[in-house]
Each structure stands twice: as structure tokens, then as C-alpha cells.
Amino acid sequence: MILPVSRLFKSCWLRLVSLHAANPWTWALAWALLAATAACAWWWRQPSAPVALIIPAAAREHLLAQIWRSAAQEQGLAFEELSDDAWLRQRLLAKSRHRHVILPDGLAAHLSEAFEQELTHYVEEGGHVTLVYDPATRGAQGDWRLEGSGLTPLAGVTFGAYGQWKETTTTHSPILAGPDVALLQLPPGRLDGQGRLTAYGYTDASWPHLRVQAGCAAGCLLQSDLGEPLLTEARHGQGQVRWVNLPLGQLKAKTDGLLLHRVLQRIIEQEALPQLAMTPGGAGQLLVNVHVDAKTAAGPMRQLEAQGFFALGP
């Protein structure tokens, strides 16, 4: 059994008091060892990155793991990739190693009860977490949990409840703006005049999500056309929980990575994290995307090349 660091130090201190009474020299040596142990413990408590991206060991090579990894790197997010078991071990040895924990879609559908409990303690003690789509919604055999995700108390919404929704547990619908959609800072043009998210100009597009009870109030950034919350932010204990009822990684795999990158940027801003520049040398750049799909463009393209247009830039 691994004792939490605070309990371990208390035990060692009581032992030192008894040693001092018996032999001062032994006490001095023991005190030096305890100081060295404290220094090591302090070092252990320092995370290599402020954000933990939880990817189970068995899913490291999964396409969704690669997508989340690449998206975080593209966004300039300083993160540490950990399996659920590794994060749990770190929590047992030292509390509050990370400021934010991300559980991606499609990778953490099955989690141990110990992980669920410890993640809840982490948030109640002041940690921040982003739950994406389906964490802890399935049992060890991959079947839906009838009562819903084990992380429902954190999200504040019962999701993945197969016992309630049966075959309609997953569905598709348009995405509409919620009361606090401005926090996402969506680019111009992605919301139409009715507050509906568009996809490459198609206003009738629909996105996959889990069926939940309708109710999109304060702290709700996105919702379905039935009023089901699709992205919420809420306090829990001393911490904060962001729940995203959309498979962000799967959407990026289908070329729509907007919401994944906006959520990552929201995490960076929320935690006031330093952000790595996404351009060489940190210099501002203008990206020109030239779409050529007709023979008639050949002449103008040759003209641009002759003028040295394509020689500009890094």
C-alpha cells in the first residue's frame, strides 16, 4: 500500500521525535534523510507539464490518440500524456500534480472505479477537468452502462444512459449557440443568423452527440436543436468541469477540427498557460490557400509565378 505524502511525513516526524530522545546523533542523521526525502517529494510533485492528456496504454497507437496528440501540439499546448493508471499512481503519491486533466473522446470509455473516484477528489480539491463525449460510459466488456457514465456527478448531466435512451443513446442534430457561446470565440461565418453552426457553408449540417435531458442555462456554450447541452462549463467543489457532448477527435478525423481546437484554446486561456507560437520564429504570417480546379487558372498561375508571388514567405 502506498501512503499519501502528507501521511508519510507525519509518520516519519513521530519516529524522529522518539529517536531524538534516544540518541541525538541518530536523530541528526535521520533528520538529514527526511530533508532529502522532502526535496525528492517536492520534485515529484512538480508536473512536467500543467495539463495531463489521459490516453490508456492500450490506445496509444489509436487514430484518435494521434489526432488529440497532434491537435494539442498544433495549438501550442504544453501537455503530458499519461495513461489512466499512471495518473492514478501519481495522485496516490502526490496530490495536485496537474492543473488540468483532459479525457478525450473514444479513448476513455472504460475507466476503473478507483480512477473515477480519484478524479472526483481532484476536482473537489480545486483541479480542472475536460470530459469529452463518452468517458466512463462503458463496462469492462465494452457494453454501455445502463445508468450512464460514472462521471455524471462531475458533468452535472446524466450522459451515456443506455437504460434510458436504448438505441437512441447516440443521435445527430444541428448545433446551436448557447447563452455563453461567446467564450468559444468562434470565427466569423461559423454561426448563421439563427445562431446555428455551419459546416463549409452547409446550414443543414448535423453533428453526433449523446442524448441527454434538455436544459441549456448559464455556463452552456453549445446546445442541440432540442435544447440538449453540448458544451458546458460549471464549478464542482473548488474546481471546474468542462463537459463536451461531441466527439471532437472523430470530427477532426472527418476534416472538421474547429471545435477541438477552440476547446484546447479555451483551456489555454482558462489556465493562463504560456502558449508555444504556431509560426516559425514566432513571426506573424499570412497563409494564402490557392484552390485551383480548372484549366482556365493556368494562365493566371503562370503570371503569379513570373511576378515572384510564390517566392514570398519563409
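Lys166 is partly exposed at 37% relative accessibility, where partly exposed lies between buried (under 20% relative accessible area) and exposed (over 50%), with a 1.4 Å probe and protein chains only. The model is predicted, so local features need pLDDT of at least 70 and side-chain atom pairs pLDDT 80 or more, while totals for chains, interfaces and linings use all residues. Residues are numbered from 1 along each chain as its sequence is written, and side-chain values use heavy atoms, without hydrogens and water.

**Positive phi values**
- Lys166 has a phi near 50 degrees, a positive value in a residue other than glycine, and sits in the loop between helix H7 (162-165) and strand S5 (170-173).
- Ala136, likewise not a glycine, has a positive phi near 60 degrees.
- Ala136 belongs to the loop between strand S4 (128-132) and helix H6 (152-155) and is buried at 0% relative accessibility.

**Aromatic rings**
- Four aromatic pairs are counted, a pair being rings of Phe, Tyr or Trp (its six-membered ring) with centres within 6.5 Å; planes under 30 degrees apart are stacked, over 60 edge-to-face and the rest tilted.
- The Phe309 and Phe310 rings are edge-to-face because their centres lie 5.4 Å apart and their planes stand at 85 degrees.
- Phe309 is partly exposed at 34%, and Phe310 is partly exposed at 43% relative accessible area.
- Trp87, Phe115 and Tyr122 are linked into a cluster by ring pairs.

**Val290**
- Val290 lies in the loop between helix H9 (258-270) and helix H10 (298-306).
- The relative accessible area of Val290 is 39%, which means that Val290 is partly exposed.

Key. Helices (H or I, at least four residues) and strands (E, at least two) are DSSP runs, numbered from the N terminus.
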